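Please have the sequence and the coordinates open while I speak.

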Amino acid sequence: MKLRNWILFTCLSFPALAQQPQNPIQRAQQRTFTVATIPQPGDVLTLTQAIEQAVSKNYQIQINRSQEEIARNNYTKGNAGYLPSLVFNGLSNGSLQSFRQTYLDGLRPPQEANGVFNRTTNLGINLNYTVFNGYARSALYAQLQQLLKITSVTTRANIEATVAGIATSYYDVIRQLQRLIAFTQALDISRERLELARANYEVGARSKVDFLSAQVDYNTDSAALIAQEQALRNAKVLLNTQLVREPLTEFAVRDTIIARPNLEFASLQQSLNTNNPLLISAVLNRTLADVSIRLASAQQLPLVTAQTGYTYQFQDNQGGFGIRTGRTGSLNYSVTASIPIFNGYNLKRQIQNARVNTIIAQNQENDQRLQLHLALTQTYQTYQNSLRLLNLEVQNNQLANQNVDIAYDRYRIGNSTFVEFRDVQRNAIDAQIRLIEAEFTAKAAEIELLRLSSTITQELGR
């Protein structure tokens with residue numbers, strides 16, 4: 001069946017089979033609501049609005065963005081050790097003394113003083129710079145760059161996962177609403193049958209068994225409708241929670257479930273290999289492991305550091321002994337070189353471990369690629385099968401609705417039993433539910449394909 005045929009059916013949940021209803025069953029079908037007409041409390045929520053709200057308020061995305069900001073702040077040459085450090089030091093010591101002194105030679109008279117103040121002040125500024133550290137700072141700078149890229153793609157991965165989750169939950173609300181419409185129609189048909197059975201029983205045309213069976217079936221369909229109303233509320237609560245708002249917030253949906261029939265596996269696979277953030281993160285982790293080898297190897301090379309500084313000292317001694325006042329300024333420098341000779345084979349061990357980590361990262365990248373391709377293949381097969389089932393279920397639903405009309409007429413004139421009519425009615429309900437589920441399954445597979453190929457924000461987030 002052509003695509004436009006089942007799209008039309010999706011927009012109109014239960015198509016009218018005739019311009020003018022010929023029997024009560026057709027009247028029940030005609031007065032059934034569609035997704036676009038069923039009364040719903042609250043403002044209309046579109047998929048675009050839901051995605052925008054979720055992306056702006058999702059806590060995990062906010063955490064990822066904060067982590068990305070930290071990584072961006074860390075990605076500086078100063079943090080990698082390219083720039084010198086400049087330190088100012090200041091120290092001032094003072095004392096207040098009282099003393100009385102006599103001398104051994106007896107030539108000088110005793111001295112006595114109270115409240116004598118002595119002060120020593122040191123001021124200095126020091127410049128420290130690493131001249132060479134075995135190329136470790138270039139490796140560290142590359143490591144900081146890779147960490148920034150990893151946090152960036154992690155943020156993008158969570159945004160895409162959030163968009164996919166919101167889209168799936170949004171269409172699940174539509175699915176539950178369509179199921180509610182289907183059960184509402186089933187209840188209307190059961191009501192028409194109950195009224196007919198009551199009338200026939202009252203005039204003696206049917207037995208009481210028919211009337212009681214119709215009442216039981218009506219109650220059964222009423223219970224199914226109540227359960228479906230709860231399923232719809234649960235779907236809305238889940239979506240509200242994903243939107244980070246009050247779970248019981250009322251909202252309406254007017255969209256229909258229309259799966260795209262033209263997704264191509266080759267283009268999806270190419271986009272996955274190029275853009276999927278999980279695969280990109282695995283590649284970056286492998287590069288990060290390569291950088292770790294450079295960092296470990298740098299410890300085998302000499303370390304050369306240089307220091308220079310200027311110190312100023314001021315002394316004020318009121319005690320009268322030694323220097324009374326003094327000022328001293330000095331410029332100093334030093335160059336230090338250290339060469340590792342032996343540290344218990346720890347450097348060798350660290351380098352070996354870094355190389356093993358590189359192998360692990362490579363295997364993790366290959367495994368991630370394999371798992372993503374597996375998920376893409378399986379999801380695409382589900383997508384194609386769902387489209388084929390969708391075309392079949394459109395036909396089945398139309399045939400099932402026609403069977404209900406025929407079965408009701410046969411039951412009304414006494415050519416069939418209530419058991420036969422109920423079986424036909426159940427088949428019609430099952431056909432409608434299968435159609436709704438096929439629509440949702442195809443749409444959910446489409447959303448997952450867009451997420452795996454990392455095109456979901458372009459397709460749904462705009």
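Does R72 count as buried, partly exposed or exposed? With a relative accessibility of 45%, R72 counts as partly exposed, where buried means under 20% relative accessible area, exposed means over 50%, and partly exposed lies in between, with a 1.4 Å probe and protein chains only.

Before going further, a word on conventions: this is a predicted model, in which local features need pLDDT of at least 70 and side-chain atom pairs count only at pLDDT 80 or more, while totals for chains, interfaces and linings use all residues. Residues are numbered from 1 along each chain as its sequence is written, and side-chain values use heavy atoms, with hydrogens and water left out.

The partner of R72 is E68, and the two form a salt bridge with their closest N and O atoms 3.0 Å apart, a salt bridge being a side-chain nitrogen of Lys or Arg within 4 Å of a carboxyl oxygen of Asp or Glu. Both residues belong to helix α4, residues 59–74, and sit four residues apart, about one turn of the helix; helices here are DSSP runs of H or I with at least four residues, numbered from the N terminus. E68, at 13% relative accessibility, counts as buried.

Across the whole structure, a search finds twelve salt bridges. Among them is the one between R175 and D172, whose closest N and O atoms are 2.5 Å apart; these two residues are three apart in helix α6, and are therefore separated by about one helical turn. Both R175 and D172 are buried, and together with R179 and E437 they are linked in a network of salt bridges. In helix α11, residues 418–452, E446 and K443 are likewise three residues apart, and their side chains meet in a salt bridge at 3.2 Å, N to O, with both residues buried.

Let me return to helix α6, residues 136–202, which packs with helix α7, residues 208–242, at an angle of about 165°, the axes lying 8 Å apart. Axes are lines fitted to C-alpha atoms, for helices over the stretch in contact, and angles run from 0 to 180 degrees between N-to-C directions. The two helices are therefore roughly antiparallel to each other, a label given to angles over 145 degrees. The contact of α6 with α7 divides into 21 nonpolar, ten polar and eleven charged residues, with Asp, Glu, Lys and Arg counted as charged, Ala, Val, Leu, Ile, Met, Phe, Trp, Tyr, Cys and Pro as nonpolar, and the others, Gly among them, as polar.

Definitions and conventions: Parallel < 35°, antiparallel > 145°, perpendicular 65-115°, else oblique.
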